[in-house]
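These are my notebook entries on a single structure. I set down what I looked up, entry by entry.

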Amino acid sequence: GGGGGIGIDAGGDSGGGASGACNQAVDIVFSMDVSTSMGPFLNKLADEIEAVDAAVKALNLKVEPHYGLVVFVDDTLFANTAQPYLDVKTLKTDFKSWASFTSSNNQPSGGNQNSTWPENSLDSLYRAAKEFAWRPKASTLRLVIHTTDDTFVQGPTTFNGVQIMHSYAETVKQLQDEQVRVFGFASKLGGPSESDDVSQGWFSTVGGSPTIPNATGGGVFQLDDVMSGTVSLSSAIPAAVKDTQCKPYPTPK
C-alpha cells in the first residue's frame with residue numbers, strides 16, 4: 001500500500017502462518033541506501049532493531065532468525081561477507097556505523113564520491129538474492145528489507161564511474177528464482193529538489209512490469225511515514241514476517 005500499509009500478494013496459506021503450525025525459518029537481509037540523506041533512517045533502524053528481533057522471535061519461531069546486510073550508493077558492499085550475523089547487537093553496531101558513514105558522501109567500497117541522485121538499488125537487491133547464505137528455500141521465509149529515498153539506474157552501464165551490472169527485469173527474476181520477498185521503505189518524491197518522481201519500482205510500474213514488492217509477494221511503506229512516527233519499524237517488519245510466513249511464494253508475473 002501507499003500510506004504505510006503492507007501490500008501483500010502471497011497466494012494461499014500452506015501451513016497456518018506464523019501463529020499456527022508453521023516451521024519455516026526466517027532469514028532477513030537488510031538492503032540499505034547509505035547515501036547522504038539516509039543517516040536518520042539508519043539511526044532509527046539501529047534504535048529499533050532489538051525490538052524488531054524480539055517481535056520476530058515472539059512469533060513462535062522454531063529456530064533463531066538470521067540477519068544479513070548489504071549497503072549501496074552507486075556501488076554495493078555486502079557486510080559480514082554475506083554471512084548471517086552472530087547476534088543482533090553486532091548488526092545494530094553496523095547500522096550505527098553505516099549511519100555515520102552517510103555523512104562522508106563516499107561510495108561504500110571507496111573510490112569516488114557520490115555526486116549523483118539515482119542510486120544502485122538493483123545491484124544491491126540482486127546481490128542480496130544471489131549471495132547471502134540463505135537457508136534452504138523450501139523451509140525458509142526469505143525476506144529483503146530494502147530502503148532508499150531515490151530512484152535507480154538500470155544496467156548494464158557505467159554511472160558516476162561505477163559499473164551498474166543488472167537491469168530491472170534481471171533483478172526481479174533473480175529475486176523470484178531465489179524466492180525472496182522484498183519489503184520496501186521508499187519515497188514517492190525525491191531528487192535534488194525533493195520534487196522528482198522516484199516512485200517507480202516501488203509504488204508504480206516500470207515499463208509495464210509489476211513493482212518489485214508486487215512481483216515478489218512483499219509490500220511497501222512510505223519512508224516519510226517511518227520518519228514521522230506514523231509507521232513503526234518494530235511493528236512493520238514483524239508484521240511482514242507474520243503475514244508471509246508459510247505462504248506459497250507467488251507465481252512470477
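**Entry 1: the disulfide**

I began with the link of Cys22 and Cys246, which is right-handed, with 80° about the S-S bond. I take a disulfide to be a pair of cysteine sulfur atoms within 2.5 Å. The sulfur atoms of Cys22 and Cys246 are 1.8 Å apart. My search of the whole structure found 1 disulfide. Cys22 is in the segment before β1 and Cys246 in the segment after α7 (233-244), so the pair ties together parts that are 224 residues apart in sequence.

I then looked up accessibility, where buried means under 20% relative accessible area, exposed over 50%, and partly exposed in between (1.4 Å probe, protein chains only). Cys22 counts as buried at 4% relative accessibility, and Cys246 is buried with a relative accessible area of 7%.

**Entry 2: what the model is**

I note that this is a predicted model, in which local features need pLDDT of at least 70 and side-chain atom pairs count only at pLDDT 80 or more, while totals for chains, interfaces and linings use all residues. Residues are numbered from 1 along each chain as its sequence is written, and side-chain values use heavy atoms, with hydrogens and water left out.

**Entry 3: the sheet**

I use helices (H or I, at least four residues) and strands (E, at least two) as DSSP runs, numbered from the N terminus. Two strands pair if DSSP finds at least two bridges between them. In general, strands of a sheet pair through backbone hydrogen bonds, either parallel or antiparallel.

I found an open sheet of 6 strands with mixed pairing, in the order β3-β2-β1-β4-β7-β10. Its edge strands, β3 (76-78) and β10 (219-222), each pair on one side only. On average, neighbouring strands of this sheet are turned by 20° against each other, direction ignored. For such angles, axes are lines fitted to C-alpha atoms, for helices over the stretch in contact, and angles run from 0 to 180 degrees between N-to-C directions.

**Entry 4: strand β4**

Which strands did I find joined to β4? Strand β1 pairs with β4 in the parallel sense over 8 bridges, and Met32 stands opposite Thr147 in β4. Strand β7 (residues 180-186) runs parallel to β4 (residues 140-147), and 6 bridges join them. Here Val144 stands opposite Val182 in β7, and the bridge partner of Ile145 is Phe183.

Are the residues of β4 buried or exposed? I found that 8 of its 8 residues are buried. Both faces are covered, with Thr140, Arg142, Val144 and His146 on one side and Leu141, Leu143, Ile145 and Thr147 on the other.

**Entry 5: helices α1 and α2**

Helix α1 (residues 39-57) lies across β1 (25-33), β2 (66-72), β4 and β7, and runs at about 175° to β1. Helix α2 (residues 88-101) packs with α1 at an angle of about 170°, their axes 8 Å apart. The two helices are therefore roughly antiparallel to each other; angles under 35 degrees count as roughly parallel, over 145 as roughly antiparallel, 65 to 115 as roughly perpendicular and the rest as oblique.

**Entry 6: Glu178**

I placed Glu178 in the loop between α4 (168-177) and β7. Glu178 is partly exposed, with a relative accessible area of 21%. Leaving aside neighbours within four places in sequence, Glu178 is in contact (heavy atoms within 4.5 Å) with Ala129, Lys137 and Arg142.
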